[in-house]
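Dear colleague,

My notes on its pockets and aromatic contacts follow.

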Amino acid sequence: GLWDNTIIVFTSEHGDIFGKHGRFERGGSLTGTFYDDVVHVPLIIYHPKLKPKRVNGLAQSMDIMPTVLDFLSIPISNLIQGKGLLPLIVNNTDIHNFIFGGSLYSTHENILVNRSSRIEFVRSKEWKLIREELFLDNNITEEKYELYLLTQDPGELDNIYFKQDLKIEKFRTELKGKLFKWLEQFDKIKQG
């Protein structure tokens, strides 16, 4: 009777890219970045009382724990950053309009990384902004941005960040604002 009383969650920490944009692996300066090949990972959940189906919504790894707590009817602390995915799973109701991710890569921790860097992204179903900050010598940093309209470029091959177009400029500004607002919470954690 274990099958009827068991919840199974299958996922992956990250994907990998193999040569797209001349990059390899999962992230880090000059070895990869946060293209969907890296951040779009499987999330398969088996619950004995739910019929199998595929849902199409944005989710983050930090949503797994609150989802399991929802399944078990355990209250979720407001200190938890993730959101339970039950409305998405049961009713196809979107939980997130935007998802975020980031990582810090250091040459001291990984011999495959030739420059220390910080990489972040913000993504909606339609748009994606990637920001990469390279830490160069003499305390100099270099920022690089990439912007993709995923509905027209799902392979993230045409960086339109610098394209002069009112619609693109609007989303570029909006996504940068959302990304920097998300990053502010980490500054508050460091200070607090």
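**Pockets and aromatic contacts**

The largest pocket holds about 1600 Å³ of space. This is a predicted model, in which local features need pLDDT of at least 70 and side-chain atom pairs count only at pLDDT 80 or more, while totals for chains, interfaces and linings use all residues. Residues are numbered from 1 along each chain as its sequence is written, and side-chain values use heavy atoms, with hydrogens and water left out.

A pocket here is an open set of points on a 1 Å grid over the protein atoms alone, where a 1.4 Å probe fits, with protein on both sides within 12 Å along at least five of seven lines; lining residues have an atom within 4 Å of a point. The volume is the space filled by probe spheres set on the points, which are joined across faces, edges and corners.

The largest pocket is lined by 44 residues, of which His40, Val41, Pro42, Leu43 and Ala59 are the closest to its centre. Two or more lining residues come from each of α1, β4 (43-46), α3 (86-91), β5 and β6 (116-123); helices (H or I, at least four residues) and strands (E, at least two) are DSSP runs, numbered from the N terminus. Strand β5 gives the most, with six residues.

The second largest pocket holds about 270 Å³ of space. Its lining includes Phe100 and Trp182, and these two residues also form an aromatic pair.

Aromatic rings of Phe, Tyr and Trp (its six-membered ring) pair if their centres lie within 6.5 Å, and planes under 30 degrees apart count as stacked, over 60 as edge-to-face and the rest as tilted. Seven aromatic pairs are counted by this rule. Tyr35 and Tyr148 make an edge-to-face pair, 6.2 Å centre to centre with 65° between the planes. Tyr35 lies in the loop between β3 (24-25) and α1 (36-39) and Tyr148 in strand β8 (residues 141-149), 113 residues apart. Both are buried (under 20% relative accessible area, with a 1.4 Å probe and protein chains only).

The ring centres of Phe100 and Trp182 are 5.2 Å apart and their planes at 10°, so this pair is stacked. Phe100 belongs to strand β5 (residues 99-105) and Trp182 to helix α4 (residues 166-191), so the pair ties together parts 82 residues apart in sequence. Phe100 is buried at 19% relative accessible area, and Trp182 is buried at 16%.

Tyr145, Tyr161 and Phe162 form one aromatic cluster.

Kind regards

Technical notes:
Buried < 20%, exposed > 50% of the residue type's maximum accessible area, 1.4 Å probe, protein only.
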